[in-house]
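Please examine the sequence and the structure shown below. The paragraphs that follow lead through an open space and then through the packing of side chains.

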Amino acid sequence: FISCQFSLAQNNRLTTSNTIGWYNYFGTFKLSEKTGIHTEYQWRRNDLISNWQQGLLRVGLNYNLTPRALFRVGYAWAETFPYGEYALNKFGREFTEHRIFEMVQLSHKEGIVDISHRFMLEQRFIGRYSSANETTEDEYPLSNRARYMVRLQVPFSGREIKDKTAYFAVYDEVLVGFGENVNANIFDQNRIGILLGYRFNKTLRIEGGYLNQTLQFGRLINSQNVYQYNNGFIVNANFNIDLSKPKD
């Protein structure tokens, strides 16, 4: 019976794959001991770098409750393009998304391992074309998504990641949709990253490595669920700028 159910599930699934490259900027601007501004832009490409997958801009306000508990609220804008064998949009067009998000990040240390847990809620207003005759999105229904990411970092030498230190990092993030507009999928995505990084100083860290993205479409194609399996590279440039006033 279990074998039969598994076979039926597999037969009701379309699968496709792509080779992707994500090239990302993250910038944090410290305003005071507790507050700061977060900025980022992610240049997500298909065929490693040749074609668009998605552009994502995110800004937010940080509040550090403690050195190991960070709260953030903000706004994100995303432009998603048709790419690969099956387009995310049923008319094969690009579409805009506006998001409001709330985030909590908790971190702790176990031996030489730095561990962080990121919890995020997103209220997503995803652009939609009501018909093939529309030239721009004319509907923005609300969709909700919850995200959880766990990340581990280990220095290659010493017991902590400090200036002029190389490190290894691995993370996994699961994204789940909920609410009345979930449509075809509750499971939305899973992302796995394996990275090598280098902290030059308190201001700059660079890291890069392997990225795996599993994505389920929010719509059916020929009454079948569509799963997209993407593999490729990710490069992150992380900047931390202190704009707070120096103490007397």
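In this predicted model, the lining of the second largest pocket can be sorted by residue class: 13 residues are nonpolar, 16 are polar and ten are charged. Rolling a probe the size of a water molecule over the atoms shows where empty space is left. The second largest pocket holds about 910 Å³ of space. It is lined by 39 residues, and those closest to its centre are Leu88, Phe95, Arg124, Ile126 and Gly218.

At least two residues each come from strand S3 (51-66), strand S5 (95-110), strand S6 (113-126), strand S7 (142-155), strand S9 (187-199) and strand S10 (204-216). Of these, S7 gives the most, namely four residues.

Attention may now turn to the nonpolar side chains. In soluble globular proteins, nonpolar side chains tend to be buried together. Here the largest nonpolar core consists of ten residues: Ile20, Trp22, Met149, Ile161, Tyr167, Ala169, Tyr171, Leu195, Leu211 and Ile234. Strand S1 (13-30) and strand S8 (165-178) each supply at least two residues of this core, and the largest share, three residues, comes from S8.

When neighbours within four places in sequence are left aside, Leu195 is in contact with Arg151, Tyr167, Phe168, Ala169, Tyr171, Glu207, Gly208, Gly209, Ile234 and Asn236. There is also a second, separate core of six residues, among them Leu215, Phe217, Ile221 and Val226.

Terms used: Residues are numbered from 1 along each chain as its sequence is written. This is a predicted model: local features need pLDDT of at least 70, side-chain atom pairs count only at pLDDT 80 or more; totals for chains, interfaces and linings use all residues. Side-chain values use heavy atoms; hydrogens and water are left out. On a 1 Å grid over the protein atoms alone, a cavity is a set of points where a 1.4 Å probe fits but cannot get out, and a pocket is an open set with protein on both sides within 12 Å along at least five of seven lines; lining residues have an atom within 4 Å of a point. Grid points are joined across faces, edges and corners, and a volume is the space filled by probe spheres set on the points. Ala, Val, Leu, Ile, Met, Phe, Trp, Tyr, Cys and Pro count as nonpolar, Asp, Glu, Lys and Arg as charged, and the others, Gly among them, as polar. A nonpolar core is a set of buried Ala, Val, Leu, Ile, Met, Phe, Trp, Tyr and Cys residues joined through side-chain atoms within 4.5 Å. Buried means under 20% relative accessible area, exposed over 50%, partly exposed in between (1.4 Å probe, protein chains only). Contact means heavy atoms within 4.5 Å.
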